[in-house]
Amino acid sequence: MAVAPPPMTSDQMISVDEHLARILAVVQPLSPLGLGLLDAQGCLLDEDVVAPAPLPGFDNSAMDGYAVCAADLQDLPVELPVTGDVAAGPASTLRVEPGVCVRIMTGAALPAGADAVVPVELTDGGVERVRIDRPVEPGAYIRRAGEDVAAGESVLARGTPLGSAQIGLAAAVGRSRVSVRPRPRVVVVSTGSELVEPGTPLGPGQIADANSFALTAAAAEAGAQAYRVGIVPDEPRTLLGTLEDQLVRADVLITSGGVSVGAYDVVKEVLSRIGTVQFDRVAMQPGMPQGFGTIGPDSTPVFGLPGNPVSALVSFEVFVRPALRRMIGAEPLERPRVSAVTTEPLSSAKGKRSFLRVHLAVRKGAYTVTPVSGPGSHLLAGMSRATALAVIPEEVEHVAVGAPVTVMLLERRAQ
Ligand code: AMP
Ligand code: MG
């Protein structure tokens, strides 16, 4: 006869905050690493980048035109002999004396004696002699040395995320490598003997593995170097072997499925025996069963997330993402939160913190939220429509239309 699991009461559960605090007490920032500029893309700097020399490094022309003495342009039009050309590249020894000029290209060093550049568009474009029709002020079209960056200036502060402009600036001040906080290497395994690779024809009872894809993508979005291992069946030895094999390349392991009270909940069975992993019922919806601890010689953190796809993703948002940000050294750990008013009544299980899938909009200057899905933890399509999660506190069961709710913003790329 099957024995029913003991009824669950709220005093058997730990709170979301307790579980998160336990995780954050374990995970530590990774040691900084020197990387080539393009390998460092998306990482946070772990040093202040200082410019050893000014930018621009020398006075140069902002336009294609003629380097002149501005005093020669008093009576216009004027015709000046052109004594030579200077292009971007090695410095020229040409000098501009009063009464003559030098043809100059964008980025070329300003010849000695010149104090302005006349853009070619304001002239007849002559090569031996040039006719200048319009005046320019002294200093016109000259990019002065140091006007972008002074020598010795700190141009990128520790903690800055390295996007395209920051990488360009680091290169411009002569850096080919920088010290960064590395991306945590996150290995994702989904467990379940019902799972098959997406695209495989489904046999009876089989489903496509969604979680390892969703969680690998979520880890990458959070700034990790994410590796999808894929599917492991509900066999303790296979799971143990897979986790042990993966430890060499993992700063964090994530599993999905097999953490509740079912007979084949293999993650719980395997991880309870090794390391410090503990399985708890966390007072939240979705995502109640949660495993967390460390395994292996390096005490690698491992998250045993629940198998229902929405539970897995919400658990990632609430627990794994803050942990990854701690490892990266990024602040704040939590997603941005805003206050919004609900356009529909919301309900939440008493004693649990609910994370409701909602669409966030701005109406008359205020944020509003509208539910996009029922509460079922298997309703992944609803999760895909959500732009935010409304966070309903443990003590609240109903939120009336027009009442305020706290909302956790979910970001998606390429929108
Ligand atoms: P479990 O936590 O293993 O009992 O799984 C709970 C539910 O989530 C079951 O309906 C599973 O079939 C489903 N599930 C588990 N893992 C995955 C996965 N990787 N992709 C999609 N659904 C899953
Ligand atoms: Mg399972």
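The side chains of Glu197 and Arg228 meet in a salt bridge, with N and O 2.9 Å apart. This is a predicted model. Glu197 sits in the loop between β14 (195-196) and β15 (207-208), while Arg228 belongs to strand β16 (residues 225-232), so the bridge ties together parts 31 residues apart in sequence. Glu197 counts as partly exposed, at 34% relative accessibility. Arg228 is partly exposed as well, with a relative accessible area of 26%.

Side chains of opposite charge can pair when their charged atoms come close. A search of the whole structure finds 16 salt bridges. One of them joins Arg181 to Asp46, with the closest N and O atoms 3.0 Å apart. Arg181 lies in strand β12 (residues 177-181) and Asp46 in the loop between β2 (44-45) and β3 (49-50), so this pair links parts that are 135 residues apart in sequence. Both Arg181 and Asp46 are buried.

Next come Arg103 and Asp85, whose side chains form a salt bridge of 2.9 Å, N to O. Arg103 is in strand β7 (residues 101-104) and Asp85 in strand β6 (residues 78-86), so the pair ties together parts 18 residues apart in sequence. Arg103 is partly exposed, with a relative accessible area of 25%. Asp85 is also partly exposed, at 43%. Elsewhere, Asp17, Arg353 and Glu394 are linked in a network of salt bridges.

The largest nonpolar core has 38 residues, and Ile254, Phe303, Phe316, Phe319, Leu324 and Phe355 touch the most other members. Elements that each supply at least two residues include α1 (16-24), α3 (211-221), β17 (252-256) and α6 (309-328). The largest share, eleven residues, comes from α6.

Take Phe316. Beyond its neighbours within four places in sequence, Phe316 is in contact with several residues, among them Leu215, Ala218, Ile254, Leu305 and Leu324.

His19 is found in helix α1. Is His19 buried or exposed? His19 is buried, because its relative accessible area is 1%, and the cut-off for buried is under 20%. Leaving aside neighbours within four places in sequence, its contacts are Ile14, Asp280, Val282, Gln290, Phe292 and Phe319.

Finally, the ligand. Ligand 1 is surrounded by 17 residues, the closest being Glu194, Asp209, Ala210, Gly258 and Gly307. A nitrogen atom of ligand 1 lies 3.3 Å from a polar backbone atom of Asn211. An oxygen atom of ligand 1 is 2.8 Å from a polar backbone atom of Gly258. For Asn308, a polar backbone atom is 3.2 Å from an oxygen atom of ligand 1. Taken alone, ligand 1 exposes 480 Å², of which the protein buries 75%.

Conventions. Residues numbered from 1 in each chain as written. Chains lettered and ligands numbered in written order. Predicted model: local features only at pLDDT ≥ 70, side-chain atom pairs only at ≥ 80, totals over all residues. Heavy atoms only, no water. Core = buried A, V, L, I, M, F, W, Y, C linked by side-chain atoms within 4.5 Å. Buried < 20%, exposed > 50% of the residue type's maximum accessible area, 1.4 Å probe, protein only. Helix = DSSP H or I, 4+ residues; strand = E, 2+ residues; numbered from the N terminus. Contact = heavy atoms within 4.5 Å. Near = heavy atom within 4 Å. Polar contact = N/O pair within 3.5 Å; in protein donor to acceptor, adjacent residues only side chain to side chain. Areas by Shrake-Rupley, 256 points an atom, 1.4 Å probe, with all protein chains shown as cover. Salt bridge = Lys/Arg side-chain N within 4 Å of Asp/Glu carboxyl O.
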